[in-house]
Amino acid sequence: MSPLGTERTVVQDKTYFLQVKEHPWLSLISFIIILLVWEFVSRGQWIPPLFLPAPSAILLEGWGMLKTGLIFKHVLASLSRILLGFIMACIVGVAVGILIGFFSIPEAVGNPLIAATFPIPKIAILPLLILWLGIGEPSKVAVIALGVFFPMVINVYTGVKNVDPILIKAALSLGSNRWRIIRKVILPGILPMVLAGMKLGIGIALLLVVAAEMVAADTGIGFMILTAADLMETKKLMVGLITLSFLGIFFNWLFQKLEHFFIPWKH
Amino acid sequence: MRVLIDHISKTYTDRKGGRTETLQDVNFAIEENEFVVVVGPSGCGKTTLLNIIAGLLGPSSGQVIIEGRRLNSKPHTAVVFQDYALFPWRTVLQNIVYGLEEQRLIKSQQLDIAQKYIAMVGLQGFENKYPHQLSGGMKQRVAIARALATDPWLLMMDEPFSALDAQTRILMQYEISRIWEETHKSFLYITHHIQEAVFLGDRVVVMSRRPGKILEIIPIGLPRPRRENLVNDKPYLEYVDLIWNHVKDQAKEALEEKA
């Protein structure tokens, strides 16, 4: 026997608690249980259905609104506002972001303007926009566009600043001029940041469209929720909330797909 | 064709007005078909010099002049950067044709030229991979093919193999030697690796520490083609020793300064 003795210590894996354990069934089961409890609480009149309608009742209400097409009218109104404002903001945001990111004079002019206007909650600008553009669609689209524009322009600006200068040098040494560098190096280089900006932006657009429709509209999901609340139609209100949840999930999925499609070199 | 590096100096001025002299009166020429290696300790301004020759940085004084004329092309140089500088959103093939797109060649010509250099650097079968799917050695092959494809008057390489492991590095040295023999262009190669300099160069420009100036220009009279057995030859080892003696004191000073 060695003079060190016979004691043996087994080395333990100290990182065991960091390992990610997956509980695929738990997620589903807990979701179902919560729905069941909710159903039970509502049916048992522990909370009056007027305040908390049962999931089944909401589902039925939603089905009815689908059949009459009432829900489509509101969803389409909201979606068209989102889409219009979102697309405008993306185009302008990317253009302005590149401009202030790549050229020093626009940067000097634009940066303080953005820093000063960015902190204003966009919904606070809606009354001013209504004054300027009227109570109709343009003011609502404009407030969404404003809300999406800022995260977009800031993301694009950061993206331009973070394009590896060595890639610009490589392009220059391969014969690109300034404009071709913007098209062939900056644009693809900022694509991941553009998509990240879009993801941020669509969340903000969803928020703003509901807020704007609650202020001044006669269609849209926001309008539907507000009028349902006024008439104590809690089921209808809940259908509105669930629709918003679905929209959010859908946009998330959509942008994930777009990312895979437009940024194949990252996957 | 001849590239004249005519009394180049470079001084950086920082925001506080502090001045750093990086290059001091660097003066030499790269002849047609010549393989020139610049060797020197880290921080001697080698990369600054390369950037100035490539037109990616302005000198404080002096100028770089390309002498001569060719019928079919404007004088242009190409650079292989230390960290590859591949466009991550472009596949191997798309990276290699980048310079050809900028020369406004038609698609079929671009592909013909790209195929030639893909074969030369041994990238067949990798055409549609993205850079992040390649090893360091493979990435540097892409960068070399991309630079060569533009048919430059002078190909410059800035420590191209310093990020590679030792074995890959040696293999790539053989490759570069072979590629130079095949293309017969002027090469300017920057390294801090003395053996590499002797193995590759027709002439070795030995530079001092900051401010970088030329200590010595040593013609390497070793026969070509140079292959791996060269590294055991006595003349090769003598050249290595000669250059080491030039830079030894410089390297020691640099080490002490950091300590």
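Is Phe251(A) buried or exposed, and at what relative accessibility? In this predicted model, Phe251(A) counts as buried, at 6% relative accessibility; buried denotes under 20% relative accessible area, exposed over 50%, and partly exposed the range in between, for a 1.4 Å probe and protein chains only.

Residues are numbered from 1 along each chain as its sequence is written, and chains are lettered from A and ligands numbered from 1 in the order of writing. The model being predicted, local features need pLDDT of at least 70 and side-chain atom pairs count only at pLDDT 80 or more, whereas totals for chains, interfaces and linings use all residues; side-chain values use heavy atoms, without hydrogens and water.

Rings of Phe, Tyr and Trp (its six-membered ring) are paired if their centres lie within 6.5 Å, with planes under 30 degrees apart termed stacked, over 60 edge-to-face and the rest tilted. Phe250(A) and Phe251(A) form a tilted pair, at 5.6 Å centre to centre and 50° between the planes. Phe250(A) is partly exposed, with a relative accessible area of 40%. The pair of Phe261(A) and Phe262(A) is edge-to-face, because the ring centres are 5.1 Å apart and the planes stand at 85°. Phe261(A) is exposed at 63% relative accessibility, and Phe262(A) is partly exposed at 41%. In chain B, ring pairs join Phe35(B), Phe161(B), Trp180(B), Phe187(B) and Tyr189(B) into a cluster.

Charges over rings (NZ of Lys or CZ of Arg within 6 Å of the ring centre and within 35 degrees of the ring normal) were also identified. Lys122(A) lies over the face of Phe150(A), 4.7 Å from the ring centre, and the charged end of Lys10(B) sits over the ring of Tyr12(B), 5.3 Å from its centre.
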